[in-house]
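I opened my notebook to look a few things up in this structure. Here are my entries, in the order I made them.

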Amino acid sequence: MLPIKCLQAGERKAGSIESTVKTLHTTDGRSVRYEIGTLYVPENRKVAHSRLIPVGFARIRSSGAAVGVPPVFWLPGGPGLSVLHDFEGKTESAQARVAMWERFTHVADVVIIEQRGYTAMGEMLRANNSPLPLDEPETPAAKIRRYAALAEAARKAYPAADLAGYTIAACADDVDDLRHALGYRQISLFGGSFGSQWSMAVMRRHPDRVARAVLSGVEPLDNGYDMPSHVYAAMQRIAFDADRDPGLAPWMPKGGLMAAVRVVRDRLAKAPVTIDLVDQATGKSQRVTLGVGDFQQFLVDNSSVADDWPALVLAIYYGHYTSWATSVARDRQPSAVTLIGPLMDQSLGVSAAREFQMRTDPALDMLGTWNFEPYLGSRSAWPTPDMGDELRLPVTTTIPVVFVHGDFDTSTPVENTLGLLPYFVRSHAIIVHRGGHDGTFYLLREDSGTKAAIYRFLGTGVMPELPSTIDAPKIVFTTPTFQPSPQVADGH
C-alpha cells in the first residue's frame, strides 16, 4: 500500500482524501502499519459552494480477512472525542487503544473517523463560556443564560464558519463520504455512547450501506436528553450494592444510600449552604453557595463512576462540603468548551412526546430538569437546525445489531437499549449487570467467549449464540476519608 499523493489546495474537492502511511512501534516490540489522512467535506451541505472542512481518519488494513468482508468503522464518542493522536503511541493508554483497533483486523479492515469540528487532522472548535456567581446557588435560568452566551461566543470566535452545518446528519454523511472515498460498498459500525447515536444516524440516512453494527452505552436519536427516572433507577441499582457493602457499613445511615440522597436533597431545598474555601496556592479565600440544584447536578455528574459515588454522597450527607464546593467553584469559572457537543445536541433536539415525558417525569423531584432545561431553554440561540422527528423517531430496520449495555450506566441508561429492541428485528441485547458507561469490550472484559463471538459476528454477519445477561465483578467501593460519626438529623 503506497502513500496517497498529497493534494494541493486547488485540487481539494468534496469527498476527496489525502493520506500517508506510517508505522507505530510499540514498547512491546510490535509494529502497526496504518494509513492516516484527511477527508474533505462541505461545511454545510445545504449551502452551495460551502467551504470545505477537514475530517481526520485512519485505517489499518486487514491481512487475514475474507474477501468482501465489510470494514469496521469505529466511531468515537463525545461529542468531542479526538483519538487519532493515539497513533503517536506516546502513552500506554494510547498504545492500548491502537492495539484494540488492530485486533479488529483479524476480521476486517478497521477505519477510525473523527467528528467534524473536533479532529486532530483539522479544526477543533472551542469557545469560552461565561462565569457563574460563586455566592448564589445555581439555577436553571442562570444555566440557560450561560448556554445562550456560549452560542454567541461561538459565533464571535469563528465568524467565517457556518456553524449551522455541524449537525448529526452531517456527521452521518461524512461517514458515507469516507466509505465511498476508500472504495467500500458496505461497512460495519462499532460505537459507544455518542458513537452509538452517530451510528444510528448513519443507519437512518444510509441504511443500504450498513451491513451490521455493534453498539454499547446506547443513545437513541430521540434520547439525547436522558429520562430522569431512568437515571435515578440506575442510581438505585448502584445503591443496592453499596448498602450491602461491608466497607461502607460504618458510614451508611438508616435507610441506606438513597435515604441519604433524600436527606441532603431536602436539606438543601430548605436552605442553601455557604462554604468558605481557601486557595492553598495564593491564600485567597472565596465563598461558595450550594443549593439543591447544585446537588442534583452533582448526583448525575458523579454517579457515572459507581465505585466512588457512594462515598461522595456520604461525605455531603455528613456535612463534609469542602471537596464538593471546590469542584463547583471550578465549574462556575470561565472555561474552554468544545463546541461540537452543544451544536450536535441542539441539532438532535427532542420529540414533543419525549419532552412531555421528561417534564412530567416522577424523578424530577430528585434530579430536577438539569439534564435538558439549559439546552431546550437556549435552543433559539444556537445555529444548528433541528433535524426533526423524521430522523429522531425509531423505525423498523433489518440491519443486524448487537447491543451491549451496563445497568449501572447513569450517562445512557439501560432503558435506552430496551426501548429500541422492538425496532431492531435482527438484534440481540447483552445486559451487563454492574456495567457502567463503558465500551463494548471493556464491559465484556471478563467474558472472552462473548468477545470472540462479537468479532465473528463482525466478520461473518452470522449472529452466534450470545448471552442475554452477564454479571460483572462486584464493585470495590471507595470508603469515605473521614471517621464514621453519629447519624445526621434531617435538619443538619
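I started with Phe104, and its relative accessible area comes out at 0%, so I put it down as buried. This is a predicted model, by the way, so I'm reading computed values throughout.

Next I checked what sits against that ring. Phe104 pairs with Tyr455: the ring centres are 5.7 Å apart and the planes stand at 75°, so I noted the pair as edge-to-face. Phe104 belongs to helix 1 and Tyr455 to helix 17, so this pair ties together parts that are 351 residues apart in sequence. Tyr455 is buried too, at 16% relative accessible area, and the cut-off for that is under 20%.

I then looked at a second pair, Phe295 with Phe298. This one is stacked, with 5.8 Å centre to centre and 20° between the planes. The two residues are 3 apart in helix 7 (residues 292–302), so about one helical turn separates them. Phe295 has a relative accessible area of 0%, and Phe298 counts as buried at 6%.

How many aromatic pairs does the whole structure hold? My search found 19. I also wrote down a cluster in which ring pairs link Tyr34, Trp74, Phe87 and Trp101.

Trp74 came up again when I turned to the second largest pocket. Its space is about 730 Å³. I listed 25 lining residues, and Trp74, Asp438, Gly439, Thr440 and Tyr442 lie nearest the centre. The elements giving two or more residues to this lining are strand 4, helix 1 (92–104), strand 7, helix 16 (440–443) and helix 17 (448–460). Helix 1 gives the most, with 5 residues. Sorted by class, the lining has 10 nonpolar, 11 polar and 4 charged residues.

Strand 7 made me curious, so I asked: is strand 7 largely enclosed or open? Of its 6 residues (187–192), 5 are buried, so the rest of the structure largely encloses it. On one pairing, strand 7 runs parallel to strand 4 (residues 72–75) over 4 bridges, and Leu75 stands opposite Gly191. Strand 7 is also joined to strand 8 (residues 210–216) by 6 bridges, again in parallel, where Gly191 stands opposite Leu215. To get from strand 7 to strand 8 the chain goes through helix 4 (residues 194–205), and I logged this β-α-β crossover as right-handed.

Last, I picked Ala48, in the loop between strand 2 (31–42) and strand 3 (52–60). Ala48 is exposed, at 61% relative accessibility. Its C-alpha is 49 Å from that of Thr326, which is 278 residues away along the chain.

Conventions. Residues numbered from 1 in each chain as written. Predicted model: local features only at pLDDT ≥ 70, side-chain atom pairs only at ≥ 80, totals over all residues. Heavy atoms only, no water. Buried < 20%, exposed > 50% of the residue type's maximum accessible area, 1.4 Å probe, protein only. Pairing = 2+ DSSP bridges. Right-handed = clockwise from strand over helix to strand, strands pointing away. 1 Å grid on protein atoms, 1.4 Å probe; cavity = no way out; pocket = protein on both sides within 12 Å on 5 of 7 lines; lining within 4 Å. Points joined across faces, edges and corners; volume = space filled by probe spheres on them. Nonpolar A, V, L, I, M, F, W, Y, C, P; charged D, E, K, R; others polar. Phe/Tyr/Trp six-rings, centres within 6.5 Å; stacked < 30°, edge-to-face > 60°.
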